[in-house]
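Here are some notes to read alongside the structure, for anyone meeting it for the first time. Please keep the model open and look up each place as it comes along.

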Amino acid sequence: MSPITEVEGRRLALRNLDKVIHPATGTTKGELLHYLAATAGALLPHLYGRPLAFLRYPDGPDGEKFFTKNPPPGTPGWVKTAEVPRHEGRTSRQVLILDLATLMWAGNLVVEFHVPMWRAEEGYGQADRLVFDLDPGPPATIADCCEVAVWLRDRLARDGLRAFAKTSGSKGLHLLVPLEPTPSSQASAYAKILAIEAERALPGLALHRMNRALRPGKVFVDFSQNAAAKTTAAPYTPRARPEPTVSTPVTWEEVESCEDPGQLAFRIEDIPDRLARYGDLLGPLLNLNRARPLPTA
């Protein structure tokens, strides 16, 4: 039988808690759920109101992985959803994680949490965040991403925008910028301009084109995740990697001093201490007073 747990008045059947999900460390599903519960105070605000996409990996990173935006079969009736536009005038529903019970229900499916740069209540494609996904092409590493990130931070500052950094939890680095509600198309166009500028300023390192033949040894400045239909790994989400790595907010001091990829590699057991030390480093993204408009042409 599955143990029944009550979370905020909702009854959840939590299954296979002893199942090893991350074989490199022996991390179990129960430990992943404990991580989500322990960090919910920081994680939930970054998921709140954003129609979720899930990367499911119920048998671990080496098993079947599948990406879905649709509510999974068997989704409880109390889980909130939002109607989201699709192609050719069609719509579909996506899960909203608004509370701890929904977070634990989703975590029981063993998922990565991916979010768009807009919230349902603001309307589809009204971005309140700008994102740059810095993706290193081997032999480049996250240390090379840090050099590009510092350049982008300073360039954004010239336009009155403040950037915040987090690891992707995989190989790269994400930059996030709080915005006044802005059409995603405008955010994408602005991000592309800065990606092109980064390539010109750092020609041996930064790259704005997706052509994989150009990627080795360079950092791809992916601006495309600003599109309304795209999603990015959420802050604090565990990742489907051999070790239970986490998309972790980092300080600019950590970014500037990074010389080795291991300096910016964090696992679930690292996050509670970081939260105790720093609080939520991405907290300013949630403060409407920090939001700024994109510069006008």
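1. Helices (H or I, at least four residues) and strands (E, at least two) are DSSP runs, numbered from the N terminus. Val95 counts as buried, at 1% relative accessibility; buried means under 20% relative accessible area, exposed over 50%, and partly exposed in between (1.4 Å probe, protein chains only). Apart from neighbours within four places in sequence, the contacts of Val95 include Arg50, Leu52, Phe54, Val79, Thr102 and Trp105, where contact means heavy atoms within 4.5 Å. From Val95 to Thr248 there are 153 residues in sequence and 23 Å in space, C-alpha to C-alpha.

2. Before going further, a word on what you are looking at. This is a predicted model, in which local features need pLDDT of at least 70 and side-chain atom pairs count only at pLDDT 80 or more, while totals for chains, interfaces and linings use all residues. Residues are numbered from 1 along each chain as its sequence is written, and side-chain values use heavy atoms, with hydrogens and water left out.

3. UniProt, in an unreviewed entry, places the feature "domain: DNA ligase D polymerase" at residues 28-281. Its positions are given in the numbering used here, feature names are shortened, and annotations may be inferred rather than shown by experiment. Over residues 28-281 the chain is 30% helix and 23% strand, and the end C-alpha atoms are 27 Å apart.

4. Now turn to helix α1 (residues 29-38). Which residues of α1 are buried? They are Lys29, Leu32, Leu33, Tyr35 and Leu36. These residues cover an arc of only 155° around the axis, which puts them on the same side of α1; the arc is that of the directions from the helix axis to the C-beta atoms. An α-helix has 3.6 residues a turn, so residues three or four places apart point the same way. His34 and Ala38, on the other side of α1, are exposed. The cover over the buried residues includes β3 (20-22), α2 (40-47), α3 (100-107) and α7 (271-278).

5. The largest pocket deserves a look of its own. About 600 Å³ of space lies in it. A pocket is found on a 1 Å grid over the protein atoms alone, as an open set of points where a 1.4 Å probe fits, with protein on both sides within 12 Å along at least five of seven lines; lining residues have an atom within 4 Å of a point. Grid points are joined across faces, edges and corners, and the volume is the space filled by probe spheres set on the points.

6. What lines this pocket? There are 29 lining residues, of which Asp133, Asp135, Asp222, Gln225 and Arg239 lie nearest the centre of the largest pocket. The elements giving two or more residues to this lining are β9, β10 (126-136), β14 (219-222) and β15 (232-233), and β10 gives the most, with 4 residues. By class, the lining has 9 nonpolar, 10 polar and 10 charged residues. Here Ala, Val, Leu, Ile, Met, Phe, Trp, Tyr, Cys and Pro count as nonpolar, Asp, Glu, Lys and Arg as charged, and the others, Gly among them, as polar.

7. Strand β15 also holds Ala233, which is buried, with a relative accessible area of 5%. Not counting residues up to four places away in sequence, Ala233 touches Phe113, His114, Lys166, Ser168, His174, Arg239 and Ser247. Ala233 and Gly137 are 96 residues apart in sequence and 19 Å apart in space, C-alpha to C-alpha.

8. Some backbone details are worth checking by eye. The peptide bond from Pro138 to Pro139 is cis, with omega near 10°, and Pro139 lies in the loop between β10 and α4 (142-158). Tyr236 is not a glycine, yet has a positive phi of about 75°; Tyr236 is found in the loop between β15 and β16 (249-250) and counts as buried, at 2% relative accessibility. Asn16 has a positive phi too, near 55°, but Asn16 is exposed, with a relative accessible area of 52%.

9. Finally, find Ala149 in helix α4. Is Ala149 buried or exposed? Ala149 is buried, with a relative accessible area of 0%. Beyond residues up to four places away in sequence, Ala149 touches Leu134, Leu173, Leu175, Trp252 and Val255.
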